[in-house]
Each structure stands twice: as structure tokens, then as C-alpha cells.
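Try each task before reading its solution.

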Amino acid sequence: MNIHESEKIAGTLQAMGYTECDNEEDADVIVFNTCCIRDNAEKRALGNIGAIKHIKKSKPELILAVVGCMTQQDGAGLNLRQKYPYVDIVLGTNNLAELNNAILRIKNSGKKSVLIDPNERPEVLEGELKYRTSGCNAWLNIMYGCNNFCTYCIVPYVRGRERSRKMQNVLDEFKTLVDQGYKEITLLGQNVNSYGHDLNDGSNFAKLLEEISKIEGKHRVRFMTSHPKDLNRDVIDIIADSKNICNNIHLPIQSGSNKILKLMNRHYTREYYLETIDAIKAKIPNCGITTDLMVGFPYEEEEDFEDTLDIVRKVKYSSAFTFIYSVRKGTKASLMPQVPPEVSKDRIKRLIAEQNKITKELSKGYECKVYEVLCEDNAPKKVGYVCGRTDSGRLVTFEGSSDLIGQFVNVKINKSQSASLFGEIVEE
């Protein structure tokens, strides 16, 4: 989501005549697009903003803007301006369209801007400019905001309530991306399964996927993120029947403990989650299933953590994003008793070790088999090699030139190493 939002910011700047540069010292405008989903992300953003001070001091005409989730928090925009007075522009999540005017204002009159509108169902903008930076892959927002109010999460407070784009607008943009040659298009939303609930015209995520699956052309479709309580069987059926929608579902469980799930306000049980996993595997046997897992949530005891390990063993995720719970001011969980840091650190190590073991086992199953891979980029630190992903989302490295980027090739997997797969191109 943040990558694509940065593409929109860059699109605005490009339309104003700016071009991308490689280092801060050469820049006329620097925009920090911030995240506040975890404390580390916020601290890193503030550290980077502080590091620009010396450039601004030696180059006063430099325009410095800070935008995104961090600024949208209650009182954060004004606090930022007070702590970092050399910042010229502060925009909330609902004010990104003001970037152009804010830059012109500072250039023409020297007047700085702090614009933070409240999250009261802001208008869904269409026709935003984008400067796409993800190669043959493209991001496509289908909705914004979240209604779930998980007790640990700041997103509904900084992104507002759910707002869906009209289906025809999504389909038109999707077709345009296919016509422009993008080979993989990822549908974005805080909870894509809730798509259309606010439109009152019968739109829903299953119908959107069904219409997208009818669009001709050689391309792939992915989506993120799914909330387990809303992933219905219609969506699973459409994925199973489509030749373009990837057999790859990211389904964050967060915890395997019913007690913790209730405290998190997740609105499902471990039993319901496992039933959904069984339904996916029954219809899509080769589906790559990934997840988010959190340890150290308030009131988490060893028994609750063992329930999480049990879920990991039962589901056998392809991979998992693992986190230690991070206190977010303004959320209900921030008022709950906190788990000691040393306990959380021990649990995250054990969780990662368990998931790594499973990923390694699954990787072995890919060996000696042939998969269609979308070549996405040159392999890092390996000259003469490229990399790409299987339909199920697994990264594969193989010998080849950069001319292959953006092409589908058949690759035989010769070796696996933990989460990494290595192979060679073979003829059909």
C-alpha cells in the first residue's frame, strides 16, 4: 500500500516537471511517506527526517515534505512541525492531493503548509497520476480504510473507514494496465474481502474477481490483504476456476489462541480459521498460503503461544511475516497489561525457527518439478542470473539475462535452500 502511495506522490512530482534523483544532496524536493503501523517504522521515519537537517541548512531552498499515516495521528502534524521546524509541508493521509499546491505555495510565497483533515469518509479520488516503480508488476487500489478496529491496530484511526472504488473504475484501470504490458497486477485494500459493502449496488469482492478473470491477456492477478472472517467460499471458487488469479492467498491469523483472538477483536476463532484453510486446500491443492503472526500481545501466556505454534504446524504456511506486538497509542491494546520484552523476544525466536523448518520442508517438495515463473528482476549479488515467482508466490533464481524480465518462462527447480529455490529454464 505504501509503495503504491509513493508511486502516486512521485506521479504528482513528475507532472510538475521534477525527475527522480539518486541522492538527497541533489534533490530539490524530498518527500517522506511515513508509516506508523509499528513503533520501529515511526522511529525510523523520524530518524531519517532528522538526518536531512544538515542538507536543509546548507540548501535552504530544498523543499521538505512529510506525509502519510504518521502525520495523521492525533496531534502528530503540529508536533512534527514544532520538533522539526525545517519541514516545509506536512500532509495527512487525506491531503495527498494537496501536494502540488503546497509545493507551489512554498516556492511562490514561502508559506509552509500543515494540512490534516479528519477521517470522516473522505472522497475516493480517481485518475491519480502514478510513477510506477515495480517493473513488470503494478499495484491497483480497489478500496481504502478499514472498519475492523482490531485492538492493536492504528490503521482505522489514520486511514478512516472503508471506502470502495466503483467496480467499473477498477476494471477500466486494470484493463489499462494489461494494455500497458504489466504482467502481474496486485489488488490492494486493508481488507479486500470487504470490497463493495459500502457501494450499495451489489458489488463485492467475488464479483470483482470474476469480472477481472474475464479480462484477456497473459497476466497474473494477486491481492492483499484478506481478513479471515470475510474470505468466503465464492472467492475461493473463483480463484480455483481462474487461469489468471494466482493460487496464493495471504490470510493473516495473528494468533492461534482463541483467547488472544478475542482480545484482538478479530471476530473469528482458530476453528473457523482452520475450516477456511481446509476449504482453500480442498479447492486449490497447490495454493501458497502465507500469514501474519504476532507474539507478545497483552495477556499472552505460554499456552496461548503454544496454540500459535500449533496453527503454524497444522497449516504449514509457505512463509509468515512475524512480529512482536508493538504498542500503538490510541488503540485499546495500549491500555492492557504488557508482556515483558524478554518473553516476547524468546517467543519470536521460537516462532521463526518453527516456520523456517516448515518452509524448508515445503521447499524440498518443489525440487525436480517444472513451474511457470514470471521473471521480475536481476538476481541480487549474482551476475548472469535473474529471479521471479511461481504462481504460488515462491521466489526462484535461475540463470538468464535481463532481457527475460517481464516474460513467463518454465523453470525446473534443481535445488532449494530454506525459502529460496534455484533452477534452470527448460523448454515446454
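**Exercise 1.** Describe how helix H1 and helix H6 are placed relative to each other in this predicted model.

Solution. Begin with the axes: those of H1 (residues 2-15) and H6 (residues 99-109) come within 10 Å and cross at roughly 50°. Next, classify the angle. Values under 35 degrees count as roughly parallel, and 65 to 115 as roughly perpendicular. H1 and H6 are therefore oblique to each other. The crossing of these two helices is right-handed. Finally, list the residues that make the contact: H1 supplies Ile9, Thr12 and Leu13, while H6 supplies Leu99, Asn100 and Ile103. Sorted by class, the contact of H1 with H6 has 4 nonpolar residues, 2 polar ones and no charged ones.

**Exercise 2.** Which residues of helix H5 are buried, and what covers them?

Solution. In H5 (residues 76-83), the buried residues are Ala76, Gly77 and Leu80. They lie on the same side of H5, because the arc they cover around the axis is only 100°. On the face turned away from this buried side are the exposed residues Leu78 and Gln82. The cover over the buried residues of H5 includes helices H2 (39-51) and H4 (69-72), together with strands S2 (63-68), S3 (89-91) and S4 (113-115).

**Exercise 3.** Where is Lys214 found, and is Lys214 buried or exposed?

Solution. Locate Lys214 in the loop between helix H9 (205-213) and strand S9 (220-224). The relative accessible area of Lys214 is 53%. Exposed means over 50%, so Lys214 is exposed.

Key
Residues are numbered from 1 along each chain as its sequence is written. This is a predicted model: local features need pLDDT of at least 70, side-chain atom pairs count only at pLDDT 80 or more; totals for chains, interfaces and linings use all residues. Side-chain values use heavy atoms; hydrogens and water are left out. Axes are lines fitted to C-alpha atoms, for helices over the stretch in contact, and angles run from 0 to 180 degrees between N-to-C directions. Helices (H or I, at least four residues) and strands (E, at least two) are DSSP runs, numbered from the N terminus. Angles under 35 degrees count as roughly parallel, over 145 as roughly antiparallel, 65 to 115 as roughly perpendicular and the rest as oblique. A crossing is left-handed if the near helix is turned anticlockwise from the far one by less than a right angle, and right-handed if clockwise. Contact means heavy atoms within 4.5 Å. Ala, Val, Leu, Ile, Met, Phe, Trp, Tyr, Cys and Pro count as nonpolar, Asp, Glu, Lys and Arg as charged, and the others, Gly among them, as polar. Buried means under 20% relative accessible area, exposed over 50%, partly exposed in between (1.4 Å probe, protein chains only). The arc is that of the directions from the helix axis to the C-beta atoms.
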